[in-house]
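Trainee: I would like a close look at the aromatic side chains in this model. Please take me through the pairs and what surrounds them.

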Amino acid sequence: MKGNGTAGHLSALLTIIIWGTTFISTKILLADFHPVEILFFRFVMGLLALLLVYPRRLKGTSRQQEWTFAAAGLCGICLYYLLENIALTYTMASNVGVIISIAPFFTALLSHLFLKEEKPPASFLIGFAVAMAGIALISFNGSKLELNPAGDLLALLAALIWACYSVLTKKISGYGCHTILTTRRVFCYGILFMLPALFLFDFKLDLVRFSNSLYLFNILFLGLGASALCFVTWNFAVKVLGAVKTSVYIYMVPVITVAASAAVLHEKITVLAAVGTVLTLAGLFLSESKRFWRSKAK
């Protein structure tokens, strides 16, 4: 049990490290790709990769289970990323970064309501407040706070949608199926729900663009790493640790982003960013505190 818990934490950490660096690849691809094109290409590539890695079929599922897979695909693959991308066109990236980080709070609330998990203890709420303060320092970092109701509400809705995905993933983990098979099924539904958006956002296939080795490398990183690998490792972490304990790792995304910016883009780490990083990590440890939080997964 202890070994599984360690594997769960390592899986969540690996996922967040990769997800925290995806902004670099996305930023490079946005020079010649629409956001919906990047989204579609990365998840189709992720689906094909999972099919090659584990070419077995998911059999014996009930209609209710298929509805759960479909809901997870709609939430975690389609709606979350579309809402996040649309929010970025209306409001500042710093606003989106802070608001999306509220997802663990929503996850705890929904898990308590629908999965009958224990009520989040005081340490979780204190950790949430400390982490949000740190994330705010990292995200705004000298820039002024500018509220935009449309964009900020879309980002808030994206955070809620991700919480729904986490709860659905925890429910799916109880089916006893292989994680790769369930992740692949969720990808299928997510891509299916994504198809109407391709027509709305001027999607172009134009695969010739990938003759540029830089574009090819970055879409491979997003498709094979951030999608195929990370959704499997995230879903595994949720299965082992539970939806709430896994979602807390979302706090680390801005921290990883700051580190990646310094290492890859040679951006300076300001005093505000450094203080924010310390606060965010402190919030993470408080939320994960074993003294107040039962470690067993539901």
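Mentor: What follows covers the aromatic pairs, then a surface patch.

This is a predicted model, in which local features need pLDDT of at least 70, side-chain atom pairs count only at pLDDT 80 or more, and totals for chains, interfaces and linings use all residues. Residues are numbered from 1 along each chain as its sequence is written, and side-chain values use heavy atoms, with hydrogens and water left out.

The structure holds 24 aromatic pairs (rings of Phe, Tyr and Trp, the last by its six-membered ring, with centres within 6.5 Å; planes under 30 degrees apart are stacked, over 60 edge-to-face, the rest tilted). One of them joins Phe33 and Tyr215: the centres are 5.4 Å apart and the planes at 85 degrees, so this pair is edge-to-face. Phe33 lies in the loop between helix 2 (22–29) and helix 3 (35–53), and Tyr215 lies in helix 10 (residues 213–241), 182 residues apart (helices are DSSP runs of H or I, at least four residues, numbered from the N terminus). Phe33 is buried at 5% relative accessibility, and Tyr215 is buried at 12% (buried is under 20% relative accessible area, exposed over 50%, partly exposed in between, with a 1.4 Å probe and protein chains only).

Phe105 and Phe106 have ring centres 6.3 Å apart and planes at 55 degrees, so the pair is tilted. Phe106 is buried at 17%, whereas Phe105 is partly exposed at 31%.

Trp19, Phe43, Tyr80, Tyr81, Trp162, Tyr165, Phe187, Phe231 and Trp234 form one aromatic cluster.

Notes. Helices (H or I, at least four residues) and strands (E, at least two) are DSSP runs, numbered from the N terminus.
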